[in-house]
Amino acid sequence: MGKPTAEFIPLDAAVLTVSDSRDAASDTSGDYLREALTGAGHRVCDRAIVKDDRYRIRAVVSSWIASTDVQVVLINGGTGFNSKNSTPEALLPLFDREIEGFGELFRMVSWEEIGSSTIQSRAVAGMANQTLILAIPGSTGACQSAWERIIQDQLDARTRPCNFVSHVKKP
């Protein structure tokens, strides 16, 4: 990572938890992502929890993509290899452009923590209507690893040589 040289630009983000078992009281991963975003200086403008159903996921994310108020969507859950997990299938048709390197980098980071089990992670990311969408596993540990090792820097305009801030819609 290069040395920071630009000014920090706060972004407007939405957090989606995909889970058949979590609710507002037990959504530790969603709580972590909200706190990480606000702690870094960003704003959380919306948050939701939906069942692991590709059409419900797609509906919520589509509304955020269409919104002028959401620049970034962070999704946790539904990325495993279990046949019930459908987050990648929900998102891929929405992307204008997939960010293949995100899944690759997440699995590299995850390899250091869980070894070959990372092969079953289907973390994905993409851009849709100038909205950055990042989907990671639902465990709080995975959310923390993704935030600290990848996402935080990529949402910071000071990260060089590149970051995603210039690619998202302007408020």
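H4 passes H5 in a right-handed crossing, where right-handed means that the near helix is turned clockwise from the far one by less than a right angle. Welcome to a predicted model, in which local features need pLDDT of at least 70, side-chain atom pairs count only at pLDDT 80 or more, and totals for chains, interfaces and linings use all residues. Residues are numbered from 1 along each chain as its sequence is written, and side-chain values use heavy atoms, without hydrogens and water.

**How the helices pack**

- Helix H4 covers residues 100-114 and helix H5 residues 140-154; helices are DSSP runs (H or I, at least four residues) numbered from the N terminus.
- Their axes lie 10 Å apart at an angle of about 120 degrees, using lines fitted to C-alpha atoms over the stretch in contact and angles from 0 to 180 degrees between N-to-C directions.
- On the H4 side, the contact (heavy atoms within 4.5 Å) includes Phe102, Leu105 and Phe106, while Ala142, Ser145 and Arg149 are among the residues of H5.

**The largest pocket**

- This pocket has a volume of about 210 Å³, the space filled by probe spheres set on the grid points, which are joined across faces, edges and corners.
- A pocket is an open set of points on a 1 Å grid over the protein atoms alone, where a 1.4 Å probe fits, with protein on both sides within 12 Å along at least five of seven lines; lining residues have an atom within 4 Å of a point.
- H4 gives the most to the lining, with 4 residues.

Note on methods: Helix = DSSP H or I, 4+ residues; strand = E, 2+ residues; numbered from the N terminus.
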